[in-house]
Amino acid sequence: MVGLSCLGLVGWKFMQGGDGSDVFRRVVTIKFFTQDLMQQGLILAYLYSWYNDGGLRCQLCLFDVQHCDDEYAFHFGNLVLIGCTLFSSVCNQLLISAKNKKYYDEDEEVLVCFVRTAMLAASILPFTTGILTMQSHLLRLGPWTIMAAGCLCAMGWLVVFCVICLPICSFLDEDF
C-alpha cells in the first residue's frame, strides 16, 4: 500500500511537468524508514522466535527434545531473504552522490569512502544490532563475522548519535 501511494505521488509529480527527482528522493527516504528498517526488525524477530531453543521450529520439541535436529538459521532460503532485504536498505546510497569533480585529493577520497561506509552502517543498523544481541549458539557465526557486525554496529550507532546530538549541542551552544 505504501509502495503504491509513493508510486502514485511520483507519477502525479511527473504528470504535472515538474522535476520528479526531488520527490523520488523523498519517497525513497520514506520507504527506508517505513519499510526497510521495520523489515529488518521483523526478520530478526522471525529468526529469534523460530530458531531459538524454545522456538516454534518444531512443535514436537515440546514433548521430545531429541526429535528436532539442529537447523542452521542462515540456510540458503534465509540468506536470500536477508540479502535482498539488506540490499534494498543499502540501495538508497545510489541516489546520493558526491559532487562531481575532475580531481579528488586523497583526503576527499577518504572522506567520501568514510561517509559511504557510515551510511551503509546506519542503513543496516537494526540487523547488525540484532545479530550482536542474539545468542551465539542460535546463529553459529564465525568470529570474523561477529567482528564485522560489531564494527558496523558501532559505526551505525555513532552515526545515529551524531545525527541526533550534534544539532542539539549546536543549538545549546548559541548565546541567547
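**Figure 1. The largest nonpolar core.** In this predicted model, the largest nonpolar core has 14 residues. A nonpolar core here is a set of buried Ala, Val, Leu, Ile, Met, Phe, Trp, Tyr and Cys residues joined through side-chain atoms within 4.5 Å; buried means under 20% relative accessible area, exposed over 50%, and partly exposed in between (1.4 Å probe, protein chains only). Leu-47, Phe-74, Ile-82, Phe-127, Ile-131 and Leu-139 have the most contacts inside this core. Helix 2, helix 3 (76–90) and helix 5 each supply at least two of its residues, and helix 2 gives the most, with four. Helices (H or I, at least four residues) and strands (E, at least two) are DSSP runs, numbered from the N terminus. In soluble globular proteins, nonpolar side chains tend to be buried together.

**Figure 2. Leu-139 and its neighbours.** Leaving aside residues up to four places away in sequence, Leu-139 touches Tyr-72, Ala-73, Phe-74, Ile-131 and Met-134. A contact means heavy atoms within 4.5 Å.

**Figure 3. The largest pocket.** This pocket has a volume of about 460 Å³. On a 1 Å grid over the protein atoms alone, a pocket is an open set of points where a 1.4 Å probe fits, with protein on both sides within 12 Å along at least five of seven lines; lining residues have an atom within 4 Å of a point. Grid points are joined across faces, edges and corners, and the volume is the space filled by probe spheres set on them. The lining has 18 residues, and Phe-32, Phe-33, Asn-92, Ala-122 and Ser-123 lie nearest the centre. Helix 2 (21–51) brings the largest share, six residues.

Figure 4. Ser-123 sits in helix 4 and counts as buried, because its relative accessibility is 4%. Among the residues it touches, not counting those up to four places away in sequence, are Phe-32, Leu-37, Ser-89 and Asn-92.

**Figure 5. Cys-151, a cysteine without a partner.** The structure holds zero disulfides (pairs of cysteine sulfur atoms within 2.5 Å). For Cys-151, the nearest cysteine sulfur belongs to Cys-153 and is 10.0 Å away. Cys-151 is exposed, with a relative accessible area of 53%.

**Notes for all views.** Residues are numbered from 1 along each chain as its sequence is written, and side-chain values use heavy atoms, with hydrogens and water left out. Because the model is predicted, local features need pLDDT of at least 70 and side-chain atom pairs count only at pLDDT 80 or more, while totals for chains, interfaces and linings use all residues.
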